[in-house]
Amino acid sequence: MNNSFDYDLAFSRNIGWFSEDEQQILKTKRVAIAGLGGVGGSHLLTLTRLGITKFHLSDFDQFACENSNRQAGANIHTYDQNKLDIMVDMALSINPELDIKVFPEGINNENMDEFLTDVDCYVDSLDFFALEARKQVFALCYEKGIPATTAAPIGMGTAYLNFMPGKMTFEQYFGLNGYTENEQYLKFFLGLTPAALQRPYLVDPSKLDLAAKKGPSTIAGCQLAAGVAVAQVAKIFLNRGKIVSAPWGLHFDAFTNQYKKTWRPWGHKNPIQRLAFALGKKILLTNTNPPEEVIDKEPTLVEQVLNYARWAPSGDNSQCWRFEITDQNSFVIHMSTTQDSVVYDLDGHSSHLAHGILLKTIEIAATKFKTKALITQDCIDDKDIRFSVVLEGDDNISQHPLVPYIRSRAVQRRSMGTKKLSQQEKAELELALPEGYSIQWFESFWDKWEIAKLNFCNAKTRLTMKEAFEVHKNIIEWKAQFSETKIPEHALGVDWPTARLMQWMFESWNRVQFANKYFAGTVLPRIQLDVIPSLRSCAHFAVVADSEIKTTADYIEAGKGIQNLWLTCTKLGLGFQPEQTPVIFSRYLTAGRKFTADSDVIKNAEKGKHLFDAIVNNANNTVFLGRIGRSQLPKSRSVRLPLDKLMAEE
Ligand SMILES: Cc1cc2nc3c(=O)[nH]c(=O)nc-3n(C[C@H](O)[C@H](O)[C@H](O)COP(=O)(O)O)c2cc1C
């Protein structure tokens, strides 16, 4: 074994993909890399392992803990140290014979010429938002006849472009000059990723905020980008293999398993790019992201817990609670109901279920901050339900396994995968409920068909009932993907024409009547909202209590179990949709309570009740009905009011 450095030996395993002569060519080349953070550090190490021996490197920044997810030099020993020094050391420990010229002040007008002097290729790894420096360095590369390559980490893939001497320039491709700063970011982003392969899996769009100069990044993207950039550099230096240069671009995404070659003749002037820019301005530069709270000070312990708790679900996203922070580790919850305005909130039971859901969420969330939530009931009568919560610190508390699912849990109203639940999945879901509750499963095709019929019939009751009209009219935020206080249209699970029909109908009760009378207006929405999703599920389920639940406290307790069940579903990667209205109409009819003045609607509701009684083993003790399916998290969902808007008024 040879333990001293020997260039030929060190890079001998490259031989085969490169000839020995080619390796010697690589050895003579000089590469400039601006920026040694996210992708630049990986570029440097990967190029060093390719056998490049001469570098011009610039970076003025220091490593910090938040760089750990992706930056090659970030580790607990390098916090606060110069990225440039650390990366030079790392590269030299691969090849101690490297010839490196450093630019510790970063690149600027004064040193850019020197930075590119005698350089054979420029590899771009400047911070995404460092556009002024990027424009200048690409322009100077072009002037000096230096090939420039950019492989950007995009999600879990890489999008790459080469700017070769004599071909389309950076400015011709991106067309940044003359635009505002934010518009330039958008144009750069659109030019880098014309194929936009990453778009379908951005789970939290609020983290991509060009206007606030922030965007997420992964090690998968950085490592892929480094591999790709190095392959481009090798091809350029060896004049071998086809080099794709702008306006051609390539995008490989390891998450979506896709690879796309893009072609944008005339660069930014291409009609597709112009259209993308116009649309992007609306989507990315105006705030259509799910709102994220602007944090201008460190949140307190109570605020941190409440910031989780506010993601608890409530019927129609009513968020029937307000918080009053009483001191640094305690707060009061003022619960309310929608029973006076929402026909589905019979005696406030739906709201009470949501109150239990909130309390369970607080209990779980508290563990994230090594505290136990001590919850006491201050008052519980019809109109005044109050709980006090004290967060008691305890270093021995470990985080509850459902904490990571509090924010991502959401309703899935669309069709889901139907592969049967395994015994293990069912057992875990059953265990999620507290003692005194069990689950009745509906899994066979015929069981699902019966539930589909029930939901179809029940939806007719809902949609032809004047008393529910105002609820429906006010609860949907049309054409929206996210909604702070309502259900956004895209989360409903209907296609565009049906959504428009519904929007038109919900403008006035007369329209609903007209549509029902002359063109069976509710049939299309009911097929899409009720029949198809009922069949496209793994199973429906009824949560059944051992004894009939009656009091407000009973409903609150049941709500706690339902949240545990829902979060467990999310943990298992399963989608979940409550189907609560058959339970509610059953309750109305059993109790002989009137919910509509329309006798036809009552007749239809009775028909629904027969179906319900025939399906569930114990209608009186059934607390909750829902469906579960194999599904990714929905792309559209209700979000929540920010914490300051959830504070109780004095
Ligand atoms: C007690 C309760 C009953 C609900 N009933 C229904 C229902 O019958 N149908 C439905 O699609 N969603 C139902 N939901 C879901 C809410 O509309 C949803 O949780 C809320 O809009 C927030 O959205 P998110 O869960 O996606 O965060 C119910 C939620 C709760 C807590």
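How are helix 6 and helix 8 oriented to each other? I began with this pair in what is a predicted model, and I looked up the angle first. Helix 6, which covers residues 131-144, packs against helix 8, residues 181-192, at an angle of about 55 degrees, and their axes lie 11 Å apart. Helix 6 and helix 8 are therefore oblique to each other.

I then listed the residues that make this contact. From helix 6 I noted L131, E132, R134 and K135, which meet Q184, Y185 and F188 of helix 8.

**The chain as a whole**

I stepped back to the overall figures, and found 21 helices and 20 strands in the protein chain. Its C-alpha atoms fill a box of roughly 90 × 60 × 50 Å along the principal axes. Of the 650 residues, 53% are buried, while the chain exposes about 29900 Å², with carbon and sulfur atoms supplying 52% of that area. Among contacts with a separation of 6 or more, I noted that 73% join residues 24 or more positions apart.

Next I traced an open sheet of four strands, which are ordered 13-17-19-18 and paired antiparallel. Strand 13 (437-442) and strand 18 (574-578) stand at the edges with a single partner strand each, so one side of each has no neighbour in the sheet. From one strand to the next, the twist averages 30 degrees.

Within strand 19, R627 is the bridge partner of Q577. I also recorded that helix 13, residues 423-431, packs on the sheet, where it touches strand 13, strand 18 and strand 19. The direction of helix 13 makes about 145 degrees with that of strand 13.

Is Q23 buried or exposed? I located Q23 in helix 2, which spans residues 20-28, and read its relative accessibility as 3%, so Q23 counts as buried, the cut-off for that class being under 20%. To see what surrounds Q23, I left aside its neighbours within four places in sequence, and the remaining contacts were Y7, F11, N14, I15, F18, L50 and G51.

Conventions:
Residues are numbered from 1 along each chain as its sequence is written. This is a predicted model: local features need pLDDT of at least 70, side-chain atom pairs count only at pLDDT 80 or more; totals for chains, interfaces and linings use all residues. Side-chain values use heavy atoms; hydrogens and water are left out. Axes are lines fitted to C-alpha atoms, for helices over the stretch in contact, and angles run from 0 to 180 degrees between N-to-C directions. Helices (H or I, at least four residues) and strands (E, at least two) are DSSP runs, numbered from the N terminus. Angles under 35 degrees count as roughly parallel, over 145 as roughly antiparallel, 65 to 115 as roughly perpendicular and the rest as oblique. Contact means heavy atoms within 4.5 Å. Buried means under 20% relative accessible area, exposed over 50%, partly exposed in between (1.4 Å probe, protein chains only). Accessible areas come from the Shrake-Rupley method with a 1.4 Å probe; for residues, only the protein chains shown count as cover. Two strands pair if DSSP finds at least two bridges between them.
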